[in-house]
Amino acid sequence: MALYAIGDTHLSLGADKPMDVFGGNWEGYVEKLRAGFAKVAPEDTVVLCGDLSWGMSLPQAREDFAFLDALPGRKYLLKGNHDYWWGTAAKMNAFFAECGFNTLHILHNNCGEYGDLALCGTRGWFYEEDRGGHNEKVFNRELVRLEASLRAAGEREKLCFLHYPPCYQGYVCTEIISLLERYGVKRCYYGHLHGGSHRLAVEGRYGTVEYHLVSADYLNFNPQIICE
């Protein structure tokens, strides 16, 4: 039994926004994902760190969920900034149940589990500009959601998964990092950064937490193993 993470699959099987148009490493990315998941066993767990489907609604994203559900392993899904299909947990869980997607689970205001480990997380937010108005409200909600997830873990060892990086070259989100450190998180995995932005990623320890980028194109569409 193993634990993996990968983000930013950007599937578009039911919409018309395939990432192949960007060329380079994105060419044939759906088949690359399928090949990358070949190492995942049915009893394994994979955390998907947001930006999963370009579908604008749950029905439009259905083909993408079917693709993910058919891949091996139990999956925990985080929200990304392009996951416009995202709704309430109740609505999403009901849709998955109706469609028979049994391997998909929502990580939102809660925590998942992998053995004795608690899997915590939320979308996060970029907050380096416009610190007020709508951005401030969204950011504060994300802080509340992250703390709710960390609290749900109780005294178990916690791993954190975010979509937005809490730190990268030239930027540090002190509020999120303080939460992670206060709750004793040792490792945090995040996505969102693509292409030339990979060079900005923090890979390794910052403060008391280790940070790792798991965007699909950064990993060459191979889920990153965390532990086994």
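Good morning. I begin with R123, which is buried at a relative accessible area of 11%; here buried means under 20% relative accessible area, exposed over 50%, and partly exposed in between, with a 1.4 Å probe and protein chains only. The model is a predicted one, in which local features need pLDDT of at least 70 and side-chain atom pairs count only at pLDDT 80 or more, while totals for chains, interfaces and linings use all residues. Residues are numbered from 1 along each chain as its sequence is written, and side-chain values use heavy atoms, with hydrogens and water left out.

The side chain of R123 meets that of E142 in a salt bridge, at 3.5 Å from N to O. By salt bridge I mean a side-chain nitrogen of Lys or Arg within 4 Å of a carboxyl oxygen of Asp or Glu. This pair links distant parts of the chain: R123 is in the loop between β6 (117–122) and α4 (133–152), and E142 is in helix α4, 19 residues apart. Helices (H or I, at least four residues) and strands (E, at least two) are DSSP runs, numbered from the N terminus. E142 is also buried, with a relative accessible area of 3%. R123 and E142 belong, together with R145, to a network of salt bridges.

How many salt bridges does a search of the whole structure find? The search finds seven. Another of them joins R34 to E31, with the closest N and O atoms 3.0 Å apart. R34 and E31 are three residues apart in helix α1, and are therefore separated by about one helical turn. R34 is partly exposed at a relative accessible area of 40%, and E31 is partly exposed at 47%. A further salt bridge is formed by the side chains of E210 and R205, at 3.6 Å from N to O. E210 counts as partly exposed, at 27% relative accessible area, whereas R205 counts as exposed, at 55%.

D44 is buried yet has no salt bridge, and R74, the nearest side chain of opposite charge, is 9.3 Å away. For charge, Lys and Arg count as positive and Asp and Glu as negative, while His and the chain ends are not counted. Side chains of opposite charge can pair when their charged atoms come close. Which backbone nitrogen lies 2.7 Å from a polar atom of the side chain of D44? That nitrogen belongs to A41. A polar contact is a pair of N or O atoms within 3.5 Å; within protein, one must be able to donate a hydrogen and the other to accept it, and residues adjacent in sequence count only if both atoms are side-chain atoms. Leaving aside residues up to four places away in sequence, D44 touches M1, A2, Y4, K39, G73 and R74, where contact means heavy atoms within 4.5 Å.

Helix α1 itself has Y29, V30, L33 and G36 as buried residues. Seen down the axis of α1, the buried residues fall within an arc of 125°, so they line one face of the helix; the arc is that of the directions from the helix axis to the C-beta atoms. The buried residues of α1 pack against β1 (3–6) and α2 (62–70).

The largest nonpolar core holds 50 residues, of which F65, L77, W85 and F161 touch the most other members. A nonpolar core is a set of buried Ala, Val, Leu, Ile, Met, Phe, Trp, Tyr and Cys residues joined through side-chain atoms within 4.5 Å. Not counting residues up to four places away in sequence, L77 touches L48, L52, F65, W85, W86, F96, L104, H105, I106 and L107. A second, separate core of 32 residues includes V138, L150, A153 and L193.

Finally, some loop positions. H10 has a positive phi of about 45° although it is not a glycine; H10 is in the loop between β1 and α1 and is buried, at a relative accessible area of 3%. N109, likewise not a glycine, has a positive phi of about 65°. N109 is in the loop between β4 and β5 (111–114) and is partly exposed, at 41%. G100 is in the loop between α3 (89–99) and β4 (104–106), and counts as partly exposed at 34% relative accessibility. The C-alpha atoms of G100 and S178 are separated by 39 Å, and these residues are 78 residues apart along the chain. Thank you.
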